[in-house]
Amino acid sequence: MAPNDGNKLNVPAPRNRPGETPEFDNLDIPNAGAVSRPDVMMDPKEMFGYANSLIRVLKMNNKAVGEWDPKLCADDMRKGLYDMMMTRIYDDRMQNMQRVGKMSFYMKSRGEEAVSVAQAMALDDKDMLFPSYRQQGLLISRGRDLLDMMNHCLSNSRDNCKGRQLPIMYSWREGNFFSISGNLGTQFCQAVGWAVASAYKGENALSATWIGEGTTATSDFHHGMTFAAVYNAPVILNVVNNQWAISSFQGIAGGEKSTFAARGVGYGMPGLRVDGNDFLAVYAVTKWAAERARNGGGPTMIEHYTYRADAHSTSDDPSKYRPEDEPKSWPLGDPIERLKQHLIEIGEWSEEKHSRAIEEITALVTRKYKEAESYGTLNSGERPEVSSMFEDVFKEQPEHLRRQRQKLGV
Amino acid sequence: MAKMNMIQAINSAHDVMLEKDSSVVVFGEDVGYFGGVFNATEGLQEKHGIQRVFDTPIAEGGIIALAIGMGVNDLRPVTEIQFSDYIYPAFDQIVSEASRLRYRSGGEYWAPITIRTPCGGGIRGGQTHSQSPEGIFTHVSGIKTIMASNPYDAKGLLISAIEDDDPVVFFEPKRLYNGPFYGDPKQPAQSWENHVKGEVPEGYYTIPIGKAETVRSGSDLTIVTYGTMVHVSLAAAEMSGYDVEVIDLRTLTPLDIDHIASSVCRTGRCIVVHEATKTGGFGAEILSQIQEECFWKLEAPIERVAGWDIPYPHAFEWEYFPGQGRVLDAIKIVMEG
């Protein structure tokens with residue numbers, strides 16, 4: 001065939017790789033307060049602008065501004081701050097314990113704490129959560145005992161998942177927190193199913209689900225968006241755009257061609273794009289989406305524009321694929337630092353209180369961890385009964401599994 | 001000959017084929033700049049260019065469909081599915097499309113694609129990083145299914161797979177990447193350094209698809225196995241006190257039944273060993289074909305050693321994994337009744 005020089009295979013590549021200086025000067029970041037807050041029942045066709053802007057409340061001078069300011073009381077903001085700090089300190093401790101062989105695997109949520117903590121606070125406890133593996137802040141905000149979280153991660157005798165699941169793949173039915181799969185994106189349309197059932201039953205509860213921007217490439221994303229739109233499901237579909245999917249930057253998921261929020265508009269639902277490191281903005285957009293869903297307005301997609309400040313998991317080294325100081329250069333800052341500075345700015349917090357809170361939380365995490373370890377770790381101490389591995393395959397254990405268990409001698 | 005572990009051998013197979021054939025392209029999640037989560041494609045993008053070795057969006061169905069389309073347009077795609085536990089979103093494209101394209105079009109179109117995917121347990125990967133789903137693919141007409149057990153075979157078989165004009169699902173037991181594994185996690189990890197199959201030519205060579213290999217000769221009984229369980233079976237054979245023959249299938253479909261049958265008809269006793277769950281596993285098919293070929297020569301019922309019929313349990317990995325003890329029990333049953 002005749003050659004055509006204009007026809008070239010395009011493979012997107014990130015702007016900077018290891019050894020280079022991170023550059024974010026091309027990001028189009030509107031000022032805090034610049035985006036208006038629409039009526040919760042606005043027609044998605046009129047909302048395209050929201051998908052291409054960025055909702056922000058906290059200014060760089062630490063003041064909260066604009067129509068999206070949720071006007072949270074200081075106690076609520078302090079709870080948010082405390083839970084984000086707890087999430088980070090918990091993560092650090094657990095990662096360290098993974099490094100010394102107490103568990104097989106860990107994933108931190110550093111830099112993304114506002115997404116889970118602010119959203120948990122903006123939702124009702126009866127709302128059902130279908131998270132991915134980086135929303136441990138949801139559990140902490142909803143009051144899951146750290147001890148239970150640790151017991152799971154250690155696969156010990158008190159692990160509510162009975163030693164069957166990788167660490168951090170939590171499940172907490174009592175807290176309306178769905179079992180995390182480990183396979184990407186599978187929960188996205190399941191959350192829609194839960195929401196459709198809520199509509200079928202005529203109840204007031206909605207569901208919320210989270211995936212990363214990388215996972216928007218999966219068919220599960222398309223299923224979730226289509227089914228949510230078709231059935232006008234009361235669901236909040238969150239895409240946490242943390243810029244990196246293991247080693248692939250967001251351009252490999254199609255982020256260079258349009259925003260992820262813009263996909264929502266294409267499916268016929270509002271697509272809100274929010275500064276994911278701005279606790280107040282995340283809280284506000286979630287409240288908006290929840291109110292819309294409870295009023296019969298159906299689904300909302302939210303793109304949380306944030307940054308994965310640590311490795312994907314304990315299995316990868318980010319300095320192999322991105323500049324080492326890229327996390328520090330993220331222009332939207334750190335969610336904990338920003339809320340802390342805001343509270344200090346309005347006279348509701350101080351450096352001393354902050355240091356004391358870190359000490360308190362660290363002591364709590366240490367104490368809880370010691371107790372958890374007394375119930376065993378992956379490689380030592382108590383474990384769930386071996387015979388239990390043949391249970392829950394089905395509700396009733398079939399004969400062939402009973403025989404296999406006997407063959408193992410347990 | 002060079003010393004290579006299994007990752008280096010697989011990397012070398014890619015490198016040789018990228019060099020040899022400009023229609024070869026390599027892609028998958030994280031395989032480009034990063035070189036894959038197990039480093040199987042490390043350095044290949046830098047050497048061969050971003051248009052030939054590149055990252056894909058996270059969508060296994062998309063990866064395989066893309067490969068089919070590229071294959072129809074004269075390329076020879078080599079894809080990586082990061083873990084075989086993640087292959088299911090691609091199931092429709094593999095089972096309904098790649099496998100049948102040649103047949104349904106009367107031979108007008110075909111899918112010359114290779115689907116590499118790490119499988120198996122033993123690395124504390126839990127239920128989503130430990131599965132052995134080969135039996136799901138061996139059931140499908142039109143797909144060739146391979147599982148290599150060592151660096152030398154992995155490279156030669158992978159080159160054959162890439163050159164093959166039919167779709168090949170190429171399973172890589174990840175527990176073997178850095179060394180043979182004999183089934184006892186308490187023993188120090190072995191490397192391929194001193195293993196005969198860790199000697200790998202640096203250049204081009206092939207191992208034919210569809211040919212099994214006898215990796216230990218014996219006259220008392222035949223163990224038919226593949227993947228990680230080859231090494232576990234060899235270790236059990238050594239310990240058993242019997243003269244055990246061990247066959248490494250290497251290719252599951254098309255199955256080298258003639259090779260298996262000639263052994264089993266000679267020894268009269270057989271055990272089929274795999275890590276995958278038992279019910280409906282590929283072992284059932286092997287056993288059935290042996291029964292068809294060797295029934296009148298058999299001196300004992302054929303035993304099967306396999307994973308329990310449960311999801312891979314994170315904390316009970318070694319109670320789940322069919323280790324030496326279970327193979328030895330089976331040897332005892334077959335030999336002593």
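Good morning. Please keep in mind throughout that the structure before you is a predicted model.

Let us start with a sheet in chain A. Five strands form an open sheet here, and their order is β1-β2-β3-β7-β6, with parallel pairing. Which strands stand at the edges? They are β1, residues 128-130, and β6, residues 271-275, each of which pairs on one side only. From one neighbour to another, the strands of this sheet are turned by 20° on average, direction ignored.

Strand β1 of chain A pairs with β2 of chain A, residues 207-212, in the parallel sense over three bridges. To find this pairing on your screen, look for A:L129, which stands opposite A:A208 in β2 of chain A.

A helix accompanies these strands. Helix α7 of chain A, residues 219-230, lies across β2, β3 and β7 of chain A. Its direction is at about 150° to β3 of chain A, the strand formed by residues 235-241.

Side chains of opposite charge can pair when their charged atoms come close. Over all chains, a search of the whole structure finds 53 salt bridges. One of them joins A:K63 and A:E345, with the closest N and O atoms 3.0 Å apart. A:K63 lies in the loop between α1 and α2 of chain A, and A:E345 lies in helix α11 of chain A, so this pair ties together parts that are 282 residues apart in sequence.

We now move to chain B. An open sheet of five strands is found here too, in the order β9-β11-β10-β13-β14, and its pairing is mixed. The edge strands are β9, residues 213-216, and β14, residues 303-307, of chain B. The twist from one strand to the next averages 25°.

Within this sheet, β10 and β11 of chain B run parallel and are joined by five bridges. B:T222 stands opposite B:E245 in β11 of chain B. Helix α8 of chain B, residues 228-240, lies across β9, β10, β11 and β13 of chain B, and runs at about 175° to β11 of chain B.

Where is B:P254 found? This residue is in the loop between β12 and α9 of chain B.

Finally, we come to the meeting of the two chains. The size of an interface is often given as the accessible area lost when the parts come together. Chain A and chain B bury about 3,400 Å² between them, and 62% of this is on carbon and sulfur atoms. The contact takes 46 residues from chain A and 35 residues from chain B.

How many salt bridges does the rule find across this interface? There is one. The side chains of B:E319 and A:R383 meet in a salt bridge, at 2.7 Å from N to O. The rule also finds 14 residue pairs in polar contact across the interface. On the side of chain A that touches chain B, helix α13 of chain A, residues 399-408, gives the largest share, with five residues. By class, that side has 20 nonpolar, 16 polar and ten charged residues.

Thank you for your attention.

Terms used. Residues numbered from 1 in each chain as written. Chains lettered and ligands numbered in written order. Predicted model: local features only at pLDDT ≥ 70, side-chain atom pairs only at ≥ 80, totals over all residues. Heavy atoms only, no water. Pairing = 2+ DSSP bridges. Helix = DSSP H or I, 4+ residues; strand = E, 2+ residues; numbered from the N terminus. Axes fitted to C-alpha atoms, helices over the stretch in contact; angles between N-to-C directions. Contact = heavy atoms within 4.5 Å. Buried area = accessible area lost by both parts, 1.4 Å probe. Salt bridge = Lys/Arg side-chain N within 4 Å of Asp/Glu carboxyl O. Polar contact = N/O pair within 3.5 Å; in protein donor to acceptor, adjacent residues only side chain to side chain. Nonpolar A, V, L, I, M, F, W, Y, C, P; charged D, E, K, R; others polar.
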